[in-house]
Amino acid sequence: MTKGEIHPEYMACPIRQVISQFGDKWSMLVLYTIYKGGKNIRYSEIKKEMLDCSPKMLSATLKNLEKIDLISRLMYPEVPPRVEYSLTARGQSLMPNILSLMDWAKNNFDIAASKLK
């Protein structure tokens, strides 16, 4: 390898792959919101749970999660159009890991916050 090249093993790191796919600020929150919302959830219900996420960012996050097959989008041919989101099988398989990470955060947040003081 020449100077400045990135080793292929570094780029293939599983953590790097997760972060590049859905490691942004909103993706896990959207996934959790859809998960706790039940089988199908409408955009307005997701938005109601995520007041600090702009509509533009929420739409972009939903499009990305659909693109990587973690959620599905079902549009009904009605006026006005009705769109519902749900987790795909791949998204469902991710949820135990997100829930586990949430449990870890609940158990360790106070400890981490106290060390920052």
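Modeller: Start with Asp69: leaving out residues up to four places away in sequence, Asp69 touches Thr88, Arg90 and Gly91. Contact here means heavy atoms within 4.5 Å. This is a predicted model, where local features need pLDDT of at least 70 and side-chain atom pairs count only at pLDDT 80 or more, while totals for chains, interfaces and linings use all residues. Residues are numbered from 1 along each chain as its sequence is written, and side-chain values use heavy atoms, with hydrogens and water left out.

Asp69 sits in the loop between H5 and strand S2 (71-76). Helices (H or I, at least four residues) and strands (E, at least two) are DSSP runs, numbered from the N terminus. Asp69 and Thr88 are 19 residues apart along the chain, yet their C-alpha atoms are separated by 6.6 Å. Asp69 is partly exposed, with a relative accessible area of 40%. The scale runs as follows: buried is under 20% relative accessible area, exposed is over 50%, and partly exposed is in between (1.4 Å probe, protein chains only).

Now the core. The largest nonpolar core has 21 residues. Such a core is a set of buried Ala, Val, Leu, Ile, Met, Phe, Trp, Tyr and Cys residues joined through side-chain atoms within 4.5 Å. Those with the most contacts inside it are Leu31, Ile34, Ile46, Leu62, Leu65, Ile71 and Tyr85. At least two residues of this core come from each of helix H3 (27-37), helix H5 (55-67), strand S3 (82-87) and helix H6 (89-116). Take Leu65: not counting residues up to four places away in sequence, Leu65 touches Phe22, Ser27, Val30, Leu31, Leu70 and Ile71. In soluble globular proteins, nonpolar side chains tend to be buried together.

Next, the charges. The count is three salt bridges, each a side-chain nitrogen of Lys or Arg within 4 Å of a carboxyl oxygen of Asp or Glu. Lys36 and Glu49 form one through their side chains, at 3.2 Å, N to O. That pair links distant parts of the chain: Lys36 is in helix H3 and Glu49 in helix H4 (residues 43-49), 13 residues apart. Lys36 is partly exposed at 47% relative accessible area; Glu49 is partly exposed at 48%.

Arg82 has two partners. The side chain of Arg82 meets that of Glu78 at 2.9 Å, N to O, and that of Glu84 at 3.1 Å, N to O. Glu78 counts as partly exposed at 37% relative accessibility, whereas Glu84 counts as buried at 11%.

Tyr32 and Tyr35 make a tilted pair, 6.4 Å centre to centre with 35° between the planes. The rule: rings of Phe, Tyr and Trp (its six-membered ring) pair if their centres lie within 6.5 Å; planes under 30 degrees apart count as stacked, over 60 as edge-to-face and the rest as tilted. Both tyrosines lie in helix H3, three residues apart, about one turn of the helix. Tyr32 is partly exposed at 26% relative accessible area, and Tyr35 is partly exposed at 34%.

Met28 also lies in helix H3. At 31% relative accessibility, Met28 counts as partly exposed.
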